[in-house]
Amino acid sequence: QVRLVESGGGSVQAGGSLKLSCAVSGYTYSSNYCMGWFRQAPGKEREGLAAITPGGDSTYYAASVKGRFTISLDNAKNTVYLQMTNLKPDDTAVYYCVAEGLTCIGHWPRIAEFGAWGQGTQVTVSS
């Protein structure tokens, strides 16, 4: 069973940067896999931010973060990263790492199709 553990959240001022990490265990490499990041702000629905294929050859971004956030992975460390730059107060949310044994194409960012979720890490951006 896949287990995801996020880290790297915290408080930062607007314009600052943070890098989130997601340690993935119980995962066997497969090309038919999709890993990504969602977030949920208070009073708002969960939003899919970015996804990446296991080979790292394809990435997908929400319009709200494209150009500011970068998803990457290190297969040797079984870790997925989310580098966040030029952070805004609207980026304040709990950030979740997700994974599922399906292709990103046709499935990302449908929340119901991702069964493995981390516990979340809080990101707070002050103005």
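**Close-up views of a predicted model**

**View 1. Threonine 121 and its surroundings.** The side chain of threonine 121 comes within 3.2 Å of the backbone nitrogen of glycine 9, a polar contact (a pair of N or O atoms within 3.5 Å; within protein, one must be able to donate a hydrogen and the other to accept it, and residues adjacent in sequence count only if both atoms are side-chain atoms). This is a predicted model, in which local features need pLDDT of at least 70 and side-chain atom pairs count only at pLDDT 80 or more, while totals for chains, interfaces and linings use all residues. Residues are numbered from 1 along each chain as its sequence is written, and side-chain values use heavy atoms, with hydrogens and water left out. Threonine 121 belongs to strand S11 (residues 121–126); helices (H or I, at least four residues) and strands (E, at least two) are DSSP runs, numbered from the N terminus. With a relative accessible area of 11%, threonine 121 is buried (buried means under 20% relative accessible area, exposed over 50%, partly exposed in between; 1.4 Å probe, protein chains only). Leaving aside neighbours within four places in sequence, its contacts (heavy atoms within 4.5 Å) include Glu6, Leu20 and Tyr95.

**View 2. The disulfide of cysteine 22 and cysteine 97.** The structure holds two disulfides, each a pair of cysteine sulfur atoms within 2.5 Å. In this one, the sulfur atoms of cysteine 22 and cysteine 97 are 2.1 Å apart. The torsion about their S-S bond is about -85°, so the disulfide is left-handed. It links distant parts of the chain, 75 residues apart: cysteine 22 in strand S3 (residues 18–25) and cysteine 97 in strand S9 (residues 93–100). Both cysteine 22 and cysteine 97 are buried.

**View 3. The disulfide of cysteine 34 and cysteine 104.** Here cysteine 34 is joined to cysteine 104, with an S to S distance of 2.1 Å. The link is right-handed, with 105° about the S-S bond. Cysteine 34 lies in strand S4 (residues 34–40), and cysteine 104 in the loop between S9 and strand S10 (116–117). Cysteine 34 and cysteine 104 are both buried.

**View 4. The nonpolar cores.** A nonpolar core is a set of buried Ala, Val, Leu, Ile, Met, Phe, Trp, Tyr and Cys residues joined through side-chain atoms within 4.5 Å. The largest has 30 residues, and those with the most contacts inside it include Trp37, Phe69 and Tyr95. Among the elements giving two or more residues to this core are S3, S4, S9 and S11. Apart from it lies another core, of eight residues, including Cys104 and Trp108.
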